[in-house]
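Colleague: I would like to learn how to read ligand sites in a model. Could you take me through one?

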Amino acid sequence: MKKVLKIIGYTLGSLLAFVLLFAAWVQLGPMPGYEVKAPDLKIEPDSARLAEGRRIVLTDCAHCHRGADGKLSGEVFMDDPAFGKIWSANITQHPEAGIGKYTDGELAHLLRTGIKRDGSYAGPWMTFPLMADEDVASVIAFLRSDAPEVQPSERRSRPMELSFIGKMVFKNFLPKPFDYPSKPIVAPAPSDKVAYGRYLATGKWECFRCHSANFETNNELEPEKSVGYFAGGNPVGDKANPAVPSANITPDKETGIGAWTEEQFSNAVRFGKRPDGQPLSHVMPPFAVLSDEEVSALWAYLQTVPPIKNAVQRTPIQH
Ligand code: HEC
Ligand code: HEC
């Protein structure tokens, strides 16, 4: 009997020691670091790239990176009592406070993988693994340009302040950094409408990320495998707007946008106006910069997505 008790005692003891060690590792251990295997790149800033980069950066990157000084100097990105605080970085050209020291290759590597120049991981929300090489080049060209939004800002980027739970999630449960692509990524020609629309919805503007069931169950590299692909319900919020569930934009007639016209779709995507006249939450960046060709391709592609019945309860928005 005594022996049994002793064994139980030892077992519980080692279990407790293991739990304590694990907790200490989560709380005190270093955040994961990765190797930066940046490609050798030199981006030529021609006028087409600068114009395209402006569209992408000021719509997409600015949504998270615009700071109080109007430049891309960073802001609070996440402030969650359970998870902790994350700030988007200063991505102006300042050599110390911003990204002035990044090479073109290091920037491309970060945008693909999520790994920063110092080897730390910016998180899966900051990655564009399926964006075409030409669009990535445009983004980099614009970040190097003389546009006022990217001129040096003194604001210092702030490191993440994660809670115990936040650290545990970040270290163990978030998707790990992606590999740098081994092959060139080329966007389909706009004349190949559905394929081009798919590229816009998954690779370039990443609509599927917010519009599938949940960030946690998305498949970033094979978007179609995301749970509830385009069927909405993902609660999305940001620093300026309370969280609202994303909309079902599959072609389901009752719960999706199957009964909409292309014009109604265009008004919603570009101007944040629903067919019933109600404004959409600014959680979704108003994609006013999209061309007619892009909206039409997105619409054509979304018609081909499998319809899913998922009635999302809308939160009416007051602007
Ligand atoms: C969903 C929000 C979000 C979007 C969209 C986003 N970023 Fe970020 N970005 C972040 C966050 C948050 C960090 C910092 C995370 C950290 O503390 O490491 C970051 C970090 C960075 C860094 C690293 C800076 C450094 O100091 O090493 C660069 C460069 C960057 N982003 C560029 C971009 C560009 C270019 C785009 C658009 C193509 C973009 N980001 C879009 C949230 C975002
Ligand atoms: C940052 C997250 C996010 C991204 C990226 C995003 N959306 Fe949205 N979208 C939302 C949210 C949240 C709503 C619901 C807003 C509301 O109910 O007020 C929404 C609503 C919509 C609606 C209105 C549907 C309805 O029934 O009211 C359409 C259409 C739409 N999005 C299309 C798109 C397209 C196309 C893209 C890519 C070009 C895109 N969205 C990218 C978050 C996003």
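**Two ligand sites**

Modeller: The shell around ligand 2 holds 18 nonpolar, 3 polar and 2 charged residues. Here Ala, Val, Leu, Ile, Met, Phe, Trp, Tyr, Cys and Pro count as nonpolar, Asp, Glu, Lys and Arg as charged, and the others, Gly among them, as polar. This is a predicted model: local features need pLDDT of at least 70, side-chain atom pairs 80 or more, while totals for chains, interfaces and linings use all residues. Residues are numbered from 1 along each chain, chains are lettered from A and ligands numbered from 1 as written, and side-chain values use heavy atoms, without hydrogens and water.

Colleague: Which residues come nearest to ligand 2?

Modeller: A residue is near if one of its heavy atoms lies within 4 Å. Of the 23 residues around ligand 2, Cys207, Cys210, His211, Arg274 and Met284 come nearest.

Colleague: Which polar side-chain atom lies 2.5 Å from an oxygen atom of ligand 2?

Modeller: A polar contact is a pair of N or O atoms within 3.5 Å. That atom belongs to Arg274. A polar side-chain atom of His211 lies 2.8 Å from a ligand 2 nitrogen atom.

Colleague: What coordinates the iron atom of ligand 1?

Modeller: Donors are N, O and S atoms within 2.8 Å of the metal (3.2 Å for Na, K and Ca); water is not among the atoms, so sites may look incomplete. His65 (NE2) and Met126 (SD) coordinate this iron at 2.0 to 2.1 Å.

Colleague: Are His65 and Met126 buried or exposed?

Modeller: Buried means under 20% relative accessible area, exposed over 50%, partly exposed in between (1.4 Å probe, protein chains only). His65 is buried at 9%, and Met126 is buried at 17%.

Key: A polar contact is a pair of N or O atoms within 3.5 Å; within protein, one must be able to donate a hydrogen and the other to accept it, and residues adjacent in sequence count only if both atoms are side-chain atoms.
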